[in-house]
Amino acid sequence: MSPTKARCGLFVVALAAMLFGSPAGAQNLDQGKPPAKLFAEGCASCHRSARGLAKGRFRLSLYLFLQKHYVSGSSSAWALSSYLESIDSAKRVAAKPAPKGASRSSMRPPAPVPAR
């Protein structure tokens, strides 16, 4: 076999491997992990607590930020953003003390107008 035919055969084999070979897919390392574990593994080194991280942010913007910078998949980013928002919403609900009883002063009708 001549060197030209060998190179041509090698080229055909390489071309077939590129066309018909399976593409290497990226592995989602965060898939299946609960959001609390995602926070513990990826965020706890810089943030002491999850409280306040979602404060004043929309869930969609938080999701996009996490997906771009911190987690390896969109489902993990959505789970983590939902987790952070739930932590902050639970804090807001707990911070507002429930009224023990309705204040009667705010429920009174206006005072009658004295007659002249």
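Is Glu-85 buried, partly exposed or exposed, and what is its relative accessibility? In this predicted model, Glu-85 has a relative accessibility of 24% and therefore counts as partly exposed, since the buried class ends under 20%.

**Overall architecture**

The chain contains 5 helices and 0 strands, arranged from the N terminus as α-α-α-α-α. Of its 116 residues, 16% count as buried. The accessible surface amounts to about 9900 Å², and carbon and sulfur atoms contribute 62% of that area. Among contacts between residues at least 6 apart in sequence, 58% join residues at least 24 apart.

**Salt bridges**

Side chains of opposite charge can pair when their charged atoms come close. The structure holds 3 salt bridges, listed below.

| Glu-41 | Lys-33 | 2.8 Å |

Arg-59 is partly exposed, at 29% relative accessibility.

Salt bridges also link Lys-33, Lys-37 and Glu-41 in a network. Within it, Glu-41 and Lys-37 both belong to helix α2 (residues 35–42), where they lie 4 residues apart, about one turn of the helix. Glu-41 is partly exposed at 47% relative accessibility; Lys-37 is partly exposed with a relative accessible area of 42%, and Lys-33 is partly exposed at 27%.

Conventions:
Residues are numbered from 1 along each chain as its sequence is written. This is a predicted model: local features need pLDDT of at least 70, side-chain atom pairs count only at pLDDT 80 or more; totals for chains, interfaces and linings use all residues. Side-chain values use heavy atoms; hydrogens and water are left out. Helices (H or I, at least four residues) and strands (E, at least two) are DSSP runs, numbered from the N terminus. Buried means under 20% relative accessible area, exposed over 50%, partly exposed in between (1.4 Å probe, protein chains only). Contact means heavy atoms within 4.5 Å. Accessible areas come from the Shrake-Rupley method with a 1.4 Å probe; for residues, only the protein chains shown count as cover. A salt bridge is a side-chain nitrogen of Lys or Arg within 4 Å of a carboxyl oxygen of Asp or Glu.
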